[in-house]
Amino acid sequence: MTSLGDKGSVQTQTKVLSQGCWTQVSCLCCVSERVEPLVLIQLPDSVQPVTKRWLISLIEASKRHGGAALLAQPGEDECGNVIVVSAPRCTLLRATEDLGLCKKYRNEEMASFSYHDRDNFTNVDDMQEFLTLAERQYIVKIELDSLQAQKKQRIPGVPDALGVLEAWENICQKLVRAGVIKDIFPLHNQQRLNDVCRRWYSKKQIWRQPLDAIQSYFGGTVAFYFSFLQFYTWALVPPAFLGLVLTFLVPGGGGVVKEQAVEGVMEEDDDGPSVSGHMVQAVFSMLWSTLFIEFWKRRSSSLSHRWGTRHLTERFAEPRPGFHGTLGLNPVTGRLEPLFPEWQRQLRVGLVSLPLVGLFLGLVVLGMTGFYHGEALVQGFHQDSGSLFSGALLYLPSIAHTVYTTILKNVYHAVAMQLTKWENHREESSFQNHHITKVLLFTFFNNFAVLFHIAFYKQDLPLLRKKLASLLILNQLVNQCTEVVVPFIVDHFLSAPHKKEQEDDLEVDKLRAQRSLPPFPGLFAEYIELLVKFGYLSLFSCVYPLTAVLLLLNNVTEIPGDAYKICKLFRKPFSAPVSNMGVWQTAFEVLGFVSVMSNCWLLLLSPRVQEFCLEGGISGKNIILVAILVEHVLILVKMILAFMIPAEPDWVRIKREQIEFNSMQALRQQDVTSFIPKHSLA
C-alpha cells in the first residue's frame, strides 16, 4: 500500500503483509526492517472507504503534522473491515525513552534508555529483541491514544452531527463515539502464544512459572499478578502446616463446636483452640502477614529491575485518554496539553467522592442491620407457628440480603467508575489507584462487616468459626467450578467446532478468531478475590486454623485456571509497564496491619483465654489493659520487622543507584555538549 501522499507522512513506503510480518522500505528515520502487525483496529461494516483512508493517513502522519507516526495496513475483505497497525523503529525507540524503560547497555548492565545514546544499547537494531511484544503493543496504544485534532475539522464520510472534531479533541475517543471505531486490541502471535502455553499451564507449572516469558508476551501487569500468586502460594505452606498440626495433633486445636443440652435448652459449647494453640495461631498469623508482605516487596523490586521498569516516568508522559482541562503549556514538559488544577481535583475528591463512598458504606451497614432484624423476626414467627411455610421463610432474610448486597455492589461499582472519571486524573496509574481504592473500601465492608459484627459485637466465636468455614468451603467449590470445570467445558465442547474451522483457513482466522473473543476483563476481580481470602487468613484464622489449608488448595487450581483463561478464552490485553502491584500492595499491607488488632481482640474474646486469665488473677479492666499492651507490643514488633527487612535487596539497591548516577552523568555530558559551538565540534 502506498501512503496518501501527505507531506507529513512518516514515509513513502511499500508494505507487504506476509507470514505475519510487513516488509518496510525507505523509512526516513529507520533502516530497512521487518516489522510485525501489532494492533487491530476494528471498524464497522458501514464505515465509508474515505473515512478509512483518512484514518490510515492520520495514523501514518508524523507527529509534527498531528499523526501517530505508525504503520497501517487495511485488512483484506475476508478478514473484515479492519486496520492492522504496527510501529517503525524510530517511534518505538522514542517511546521507550519517554516511558523511562531500562534496557541492557553495551556493558550488559541495565541503564535508562536514551534515544541519543541508542547505538550503545544491545539489540537496538532488532525491535523484536530489544522490546518485548507487550511493550511494542502498548507503545502503539499510547501513540493512538495521543492523537489529537490540531484544529477544528470534519471527519470525511461521517454525518454532520458526529463528524466534527474540535481543536485538541482526542481523535480515537471521538471516533469511538461516532461509531467509526468498534474496538482496538493487540494481536496474538500464535507461535509465541503456543510456546508460552506449553511452558506454563500445559505442564502444570504451579510452583515455578515462566515469569519472564509471561512478562514478555502479556506484559508486566499480568506477570506481576502471577508472580504474586506464585509467591503467595509458597507462603501459604507454613501456615497451612501449622493449621494441620493444631487441628489434628493438638488437643482442642481444631476449634470444634459442640452442642449440649442444659435444662432443655440447646447451648453451644466452645471447644475451640486451646490457650497455647490459640495464642500460637494468633501470633503466627500476625508475624506471617508482616514477613510475607516485606519479602514480597523484595521480590517485586528484583523483578522490576530485571524487567527494566524500575524507573518509569509516567508523570511526564502524555495525559491519559479522557483527561480534559484548559489548553495550556505544561510547566514541566513545555508541551501544549489540557491542564487541570490539582486543588480542583482535591475538592472533587473531598467534597463529593468521599461523602458518596461513605453513603454507600452506610448502606452496607444498613443492609446488615436489616438482615439481623429480619432474621430475628422470621425465627420468632417460626417458633410461634412451626409450619412448613414459616420454615421456608427462614431463608428469606439471607436471600434478600444477598440480592441487596449484589445490587448495591453493582450500583456502587458504576458510581465509583463515574466518580473517578469526574475527578479527572491526568495519569492512568492515578486514575486506577483512586478507582481501586474506592472499590476496596466497599469490598472490605461488604465482606468483613458481618464477620467483625459476629466477633466483636455478638462475641460469638463458635458462630464466627462456622461462618468462616462455610465461606471458605463455598468459595472453594465456586472456585473449582469457575477455574476448572468451566474452562474444561469451553475448551472441549464450545471451542472445538471453531478449532476445526481454523484448520481450513489458518491465515484468515488469525484475525477473525481473535475478533470473536470477548475482551479481557482485567485482573481486578482476581486481586479482589486474593485480597478477601488473605483477609480471612490474616484477620480470623486464629479461630479456624484450617483457613490456610483451604486457601492453599484454592491457589493450586487458581494458577493454571487463570493462565488458561488469559491464554485461550479472551483477547490479548494491553499491558502497561509497571514497577509493582501498585495500590494492591498497599491494600495487603493495610490488612496485615489490621490483623494485629483483630487477632489480639479475638484472643481476648476466647473463653479459654478469659478462663486462663481469671485463673491467673487477671480480671475485669485488667484483661482489657493487658490486651491493649499486647496489641501495642505486637504492632511495635511488626514495625521493627518491617524496618529491619529492606524493601529491596542490596544488589538491586546498588544497581538502582548506578542507573541513577549514570543517567545524571549522561545528562551532564549532554548539557556540556550542547554549549560547545558547532564549529568547534567540526
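Analyst: Contact here means heavy atoms within 4.5 Å. Helices (H or I, at least four residues) and strands (E, at least two) are DSSP runs, numbered from the N terminus. You're looking at a predicted model, where local features need pLDDT of at least 70, side-chain atom pairs count only at pLDDT 80 or more, and totals for chains, interfaces and linings use all residues. Residues are numbered from 1 along each chain as its sequence is written, and side-chain values use heavy atoms, with hydrogens and water left out.

User: Okay, which residues in H9 do Thr233, Trp234 and Ala235 in H8 meet?

Analyst: Helix H8 covers residues 220-235 and helix H9 covers residues 237-248. Thr233, Trp234 and Ala235 sit on the H8 side of the contact, and their partners in H9 are Val237, Pro238 and Pro239.

User: And how do the residues of that contact divide into nonpolar, polar and charged?

Analyst: Ala, Val, Leu, Ile, Met, Phe, Trp, Tyr, Cys and Pro count as nonpolar, Asp, Glu, Lys and Arg as charged, and the others, Gly among them, as polar. For H8 with H9, that gives no charged residues, 1 polar and 5 nonpolar.

User: What stands opposite Leu40 in S6?

Analyst: Strands S4 (residues 39-42) and S6 (residues 82-86) pair in the antiparallel sense over 4 bridges. Across from Leu40, the S6 residue is Val84.

User: Where is Asn123 found, and what is its relative accessible area?

Analyst: Asn123 isn't a glycine, yet its phi is positive, near 60°. Asn123 belongs to the loop between strand S8 (110-112) and helix H3 (127-130). Buried means under 20% relative accessible area, exposed over 50%, partly exposed in between (1.4 Å probe, protein chains only). Asn123 is partly exposed, at 45%.

User: Gln459 lies in the loop between which helices?

Analyst: Gln459 is another non-glycine residue with a positive phi, about 55°. The helices on either side of its loop are H14 (428-457) and H15 (461-494).

Technical notes
Two strands pair if DSSP finds at least two bridges between them. Axes are lines fitted to C-alpha atoms, for helices over the stretch in contact, and angles run from 0 to 180 degrees between N-to-C directions.
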